[in-house]
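Visitor: I'd like to learn how to read a few features off a model like this. Could you walk me through it?

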Amino acid sequence: MKRNSIILSALLACSLSGIAQSQTETFFSVTSADNQAQGMAMVLATQMAEQKAAVRILLCGPAGQLALKAYEPPALKPRNVTPKQMMAGLIKGGATVEVCALFLPNADKVPADLIEGVSVAKPPEVAAYMVKSGVRAFGF
């Protein structure tokens, strides 16, 4: 009887670890300079995070401005929040946010110019994440 209990416990642990590992992973590539496109990317990323998806955001080109301390985009209706404010909420919730490796040197900026919680992407790590089985990618 004790042996069956041990086997049952082991099977349950394996099942639960499989559930934990099956968390949806998302990758948002945001490149648009358009405030509404940036905002919609953050709205959808927030909705996915609220549904327990892991969220990773890569900001490239004009969208990299969202990561700069000195930049403040216009607020969007109906909630009167900016894409940058939404992104800050995602960071607080555990999302990974990075600027592409080309952004800072081509914008004459340095890592100290980035808001807290945003780092510079390492292309090999981003590529490894993107090719992982089950990662869902979205471009804005």
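Visitor: Let's start with charges. Which side chain meets arginine 56 in a salt bridge?

Guide: Keep in mind that this is a predicted model. For a salt bridge, look for a Lys or Arg side-chain nitrogen within 4 Å of a carboxyl oxygen of Asp or Glu. Here the partner of arginine 56 is glutamate 98, at 3.0 Å from N to O. The two sit in distant parts of the chain, 42 residues apart: arginine 56 belongs to strand E2 (residues 54–59) and glutamate 98 to strand E3 (residues 96–99).

Visitor: Are they buried or exposed?

Guide: The cut-off for buried is under 20% relative accessible area. Arginine 56 counts as buried because its value is 11%, and glutamate 98 is buried too, at 5%.

Visitor: What else does arginine 56 touch?

Guide: Leaving out residues up to four places away in sequence, its contacts include Thr26, Phe27 and Phe28, then Thr96 and Glu98, and also Glu125, Val126 and Tyr129.

Visitor: How many salt bridges are there by this rule?

Guide: Two. Glutamate 25 and lysine 132 also meet in one, at 2.8 Å from N to O. Glutamate 25 lies in strand E1 (residues 25–30) and lysine 132 in the loop between helix H5 (123–130) and strand E5 (135–139), so this pair ties together parts that are 107 residues apart in sequence. Glutamate 25 is buried at 19%, while lysine 132 is partly exposed at 36%.

Visitor: Now the sheet. How many bridges join E2 to E3, and in which sense do they run?

Guide: Four bridges, and the strands run parallel.

Visitor: Last one, the surface. Which residues make the nonpolar patch?

Guide: Met40, Val43 and Leu44 make a patch of about 210 Å². Leucine 44 is found in helix H2 (residues 35–50), and at 31% relative accessibility it counts as partly exposed. Patch residues need over 30%, so leucine 44 at 31% qualifies on that score.

Terms used: Residues are numbered from 1 along each chain as its sequence is written. This is a predicted model: local features need pLDDT of at least 70, side-chain atom pairs count only at pLDDT 80 or more; totals for chains, interfaces and linings use all residues. Side-chain values use heavy atoms; hydrogens and water are left out. Patches are made of residues with over 30% relative accessible area and no salt bridge: like charges are joined within 9 Å, nonpolar side chains (Val, Leu, Ile, Met, Phe, Trp, Tyr) within 5 Å. Accessible areas come from the Shrake-Rupley method with a 1.4 Å probe; for residues, only the protein chains shown count as cover. Buried means under 20% relative accessible area, exposed over 50%, partly exposed in between (1.4 Å probe, protein chains only). Contact means heavy atoms within 4.5 Å. Two strands pair if DSSP finds at least two bridges between them.
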